[in-house]
Structure formats: structure tokens, C-alpha cells
Amino acid sequence: MDPASEKACMDPATLVSQARRQLEALLSQPTETVSRFEPTEEGWLLHLDVLEHHAIPRTHDLIARYEVALDPGGGLRRWKRTSRGQRGQMLDES
């Protein structure tokens with residue numbers, strides 16, 4: 001199957017699930033939310049928010065945002081942390 005038709009067949013929920021599973025395996029941290037999901041020429045781009053440190057109260061939890069690039073079939077191509085802060089304090093939206 002060529003990349004264009006492979007990309008067209010991918011269900012967004014499946015892609016998000018794959019991205020979360022792959023990032024969690026690398027970081028050994030749970031993902032919490034998806035704040036960005038879009039197609040690119042190379043595949044897919046997602047922003048996943050990851051709980052890096054649990055605190056009490058929860059408003060002091062440390063959350064990191066990761067940019068995740070997937071190939072057309074949902075395989076992880078690259079990832080990087082783009083921001084980090086306390087829960088509810090991450091305001092940078094690109």
C-alpha cells in the first residue's frame with residue numbers, strides 16, 4: 001500500500017491511540033490529553049500532554065507537552081518536549 005492510501009485509511013482514534021502507546025512506552029509516563037492533531041506531508045503531527053509528576057493538590061501536578069510526529073501508518077518518527085508547567089498553567093498554543 002502506498003503512503004497516501006495508507007494515510008487515508010488511518011482512523012484518527014487509532015492514530016492517537018498508537019501515538020499515546022508509543023510515547024508512554026518511551027517515557028514510562030502516562031499521557032493525559034491530546035491538544036493537537038493534524039496531517040502533514042510526512043504523516044501526522046500530535047501534541048500529547050504527559051503527567052510527569054503527580055502532586056497533592058492536583059493543581060501542582062507537573063504536565064509536559066510533547067510534539068509527536070508519526071509516519072503515514074502511525075509509526076513514531078520523532079518526539080520532543082515543547083513545554084512543561086503546572087497543571088492549568090500551560091498557555092502556549094501554536
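Visitor: Which residue just after H2 takes a positive phi?

Guide: This is a predicted model, in which local features need pLDDT of at least 70, side-chain atom pairs count only at pLDDT 80 or more, and totals for chains, interfaces and linings use all residues. Residues are numbered from 1 along each chain as its sequence is written, and side-chain values use heavy atoms, with hydrogens and water left out. The residue in question lies in the loop between H2 and E1, where helices (H or I, at least four residues) and strands (E, at least two) are DSSP runs numbered from the N terminus. Although not a glycine, it has a phi of about 55°; the residue is Ser 28.

Visitor: Is Ser 28 buried or exposed?

Guide: Buried means under 20% relative accessible area, exposed over 50%, and partly exposed in between (1.4 Å probe, protein chains only). At 62% relative accessibility, Ser 28 counts as exposed.

Visitor: Around the axis of H2, what arc do the buried residues cover?

Guide: The buried residues of H2 are Leu 15, Val 16, Gln 18, Ala 19, Leu 23 and Leu 27. They lie on the same side of H2, whereas Ala 13, Arg 21 and Ala 25 on the other side are exposed. The arc, taken from the directions from the helix axis to the C-beta atoms, is only 160°.

Visitor: Which strands do the buried residues of H2 pack against?

Guide: Packing is judged by contact, meaning heavy atoms within 4.5 Å. One of the buried residues is Gln 18, with a relative accessible area of 17%. The strands that the buried residues of H2 pack against are E1, E2, E3 and E4.

Visitor: Which strands stand at the edges of the sheet?

Guide: Four strands form an open antiparallel sheet in the order E1-E2-E3-E4, where two strands pair if DSSP finds at least two bridges between them. Each edge strand has a single partner strand, so one side of each is left without a neighbour in the sheet. The edge strands are E1 (31-40) and E4 (76-86).

Visitor: In E3, which residue is the bridge partner of Val 50?

Guide: Strand E2 (residues 43-53) and strand E3 (residues 62-70) pair in the antiparallel sense over nine bridges. The E3 partner of Val 50 is Ala 64.

Visitor: How far apart in space are Glu 41 and Asp 71?

Guide: Glu 41 lies in the loop between E1 and E2 and is exposed, with a relative accessible area of 81%. Glu 41 and Asp 71 are 30 residues apart in sequence, and their C-alpha to C-alpha distance is 9.4 Å.
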